[in-house]
Amino acid sequence: MAFQILLNFFLAFVWMFLSVSFTSQSFIIGFLLGLLVIFAFRRFFNSRFYLLRVAAVISLFFLFLKELILANISVLKTVLKPKLDFQPGIFALPTELKTDWEITLLANLITLTPGTLVMDVSYDNKILYVHAIDIPDVDEAIEDIKNSFEKAIMEVSR
């Protein structure tokens, strides 16, 4: 991915030098033409087209913002109830993620959303132990995390 980004910038600068126009408009045109060239020759690279990964990162960011807002509203509803009838609990979240940075990112995303906290990671990095402030159904919570954060992290990394 880094090679494709650098190649795209290199092609944009080559376009600027060939057109003898050193403006931002010329750079943008060269950048877009570089995108087309890299897209046309994408089968010669051993990684997928980098713009797809950039789109996946942006999608993960907006997914986190959505989950952050929904979790804040849920915790606010729980705290403002006249009778505190929430069900805190700890559950084991099995994960399909392999690398350390994927597991760290998942743990941080879970911890940064209010109402949940990753307490520990197993020695083989296959299970995360999560504390939730209100968890009526453990299986539903596991599926929510696997279908949102874990799926989006796999789209970014693979």
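Mentor: Helices (H or I, at least four residues) and strands (E, at least two) are DSSP runs, numbered from the N terminus. Two strands pair if DSSP finds at least two bridges between them. This is a predicted model: local features need pLDDT of at least 70, side-chain atom pairs count only at pLDDT 80 or more, and totals for chains, interfaces and linings use all residues. Residues are numbered from 1 along each chain as its sequence is written, and side-chain values use heavy atoms, with hydrogens and water left out.

Trainee: Over how many bridges do S1 and S3 pair?

Mentor: Glycine 89 stands opposite alanine 132 in S3. Phenylalanine 91 stands opposite valine 130. S1 and S3 (residues 127–132) pair in the antiparallel sense, and the bridges number six.

Trainee: Which residue in the hairpin turn has a positive phi?

Mentor: S2 and S3 pair over five bridges, antiparallel. Valine 121 stands opposite leucine 128 in S3. Five residues lie between the two strands, and the one with a phi of about 60° is asparagine 125.

Trainee: What distance separates the end C-alpha atoms of helix H3?

Mentor: The expected span of a helix is 1.5 Å times one less than its number of residues. H3 (residues 50–80) has 31 residues, so it should span 45 Å. The model agrees: its ends are apart by 45 Å.

Trainee: Which helices do the buried residues of H3 pack against?

Mentor: Buried means under 20% relative accessible area, exposed over 50%, partly exposed in between (1.4 Å probe, protein chains only). In H3 the buried residues include Leu60, Leu63 and Phe64. Contact means heavy atoms within 4.5 Å. The partners are H1 (2–19), H2 (24–40), H4 and H5 (138–157).

Trainee: Which ring does arginine 42 lie over?

Mentor: A charge sits over a ring if NZ of Lys or CZ of Arg is within 6 Å of the ring centre and within 35 degrees of the ring normal. Arginine 42 is at 4.0 Å from the ring centre, over the face of phenylalanine 39.
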